[in-house]
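My notes follow the structure.

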Amino acid sequence: MSRDRRVRRDQPYLDEHRARASELARPPRSFGDLLTWFLEGFWAETPERMHSRGVWATTRRLDAQARPTEDVKAAEQGGSVLGSPRYAEPFRQLLENSDRQWTDERGTVDPYYVRPMRAALARMARPEGSDSAFMARFLLQVAFAGGDWQSVADRWELKPYVRLTYIDTALRRLRNCWRREPPLSLPGWVDRSEAQRTAETATDREGNVA
């Protein structure tokens with residue numbers, strides 16, 4: 001498989017990401033601009049297709065929480081006896097990979113987040129149980145509600161006079177968390193793309209320093 005095809009498989013919505021990167025980087029100011037920035041960024045990272053051609057009988061995947069070594073056995077996951085519909089690659093990555101997944105296109109560009117809006121939400125959701133974590137959960141529900149933040153506020157039983165302040169504060173916190181690039185100390189194994197994991201594993205097996 002050519003390098004370009006591998007890059008496309010690892011980062012299937014690369015063109016959309018590049019097209020939106022500069023626009024997302026511009027700081028929105030008003031509440032409407034913030035909400036539009038969030039929704040457009042979130043859905044730009046969301047694949048439209050769930051399945052591709054063919055069936056998924058089974059795959060062997062390493063534990064995503066552990067660095068693979070020679071003695072780690074890959075467990076069979078997914079599929080069925082008859083064969084389940086195969087996930088489209090972008091959708092599978094969204095389901096299985098970390099929100100903070102990053103790529104450097106095999107060392108050809110500076111590292112960047114594959115899904116920067118979801119990475120920002122994940123960063124905002126720490127520590128668990130904090131007010132920022134609840135705000136991140138609120139914004140996620142707003143995204144799935146198509147931007148209808150009033151209906152989400154109804155479900156959360158927020159008083160009418162605090163709703164706008166709450167979501168505006170949440171959006172501004174999210175904007176402060178948003179980053180295109182991972183930190184200088186690159187994220188751990190679980191946050192790397194599959195191509196990066198495969199390449200590093202192959203390097204380790206050759207006895208080189210990762």
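I started with secondary structure: the chain has nine helices and six strands, taken as DSSP runs numbered from the N terminus (helices H or I, at least four residues; strands E, at least two). This is a predicted model; local features need pLDDT of at least 70, side-chain atom pairs count only at pLDDT 80 or more, and totals for chains, interfaces and linings use all residues. Residues are numbered from 1 along each chain as its sequence is written, and side-chain values use heavy atoms, with hydrogens and water left out.

Next I checked burial. Of the 210 residues in the chain, 40% are buried (under 20% relative accessible area, 1.4 Å probe, protein chains only).

Then I looked up the largest nonpolar core, and found 27 residues in it. Such a core is a set of buried Ala, Val, Leu, Ile, Met, Phe, Trp, Tyr and Cys residues joined through side-chain atoms within 4.5 Å. Those with the most contacts inside it include Phe 38, Met 124 and Ile 167. I noted that α3 (31-44), α5 (116-124), α6 (131-144), α7 (149-155) and α8 (160-177) each supply at least two of its residues.

I followed Ile 167. Beyond its neighbours within four places in sequence, Ile 167 is in contact (heavy atoms within 4.5 Å) with Phe 31, Leu 35, Phe 138, Leu 139, Val 142 and Trp 149.

Last, I took α5 against α8. Their axes lie 8 Å apart, at an angle of about 110 degrees. The two helices are therefore roughly perpendicular (65 to 115 degrees). On the α5 side I listed Met 117, Ala 120, Leu 121, Arg 123 and Met 124; they meet Ala 170, Arg 173, Leu 174 and Cys 177 of α8.

Note on methods. Buried < 20%, exposed > 50% of the residue type's maximum accessible area, 1.4 Å probe, protein only. Axes fitted to C-alpha atoms, helices over the stretch in contact; angles between N-to-C directions. Parallel < 35°, antiparallel > 145°, perpendicular 65-115°, else oblique.
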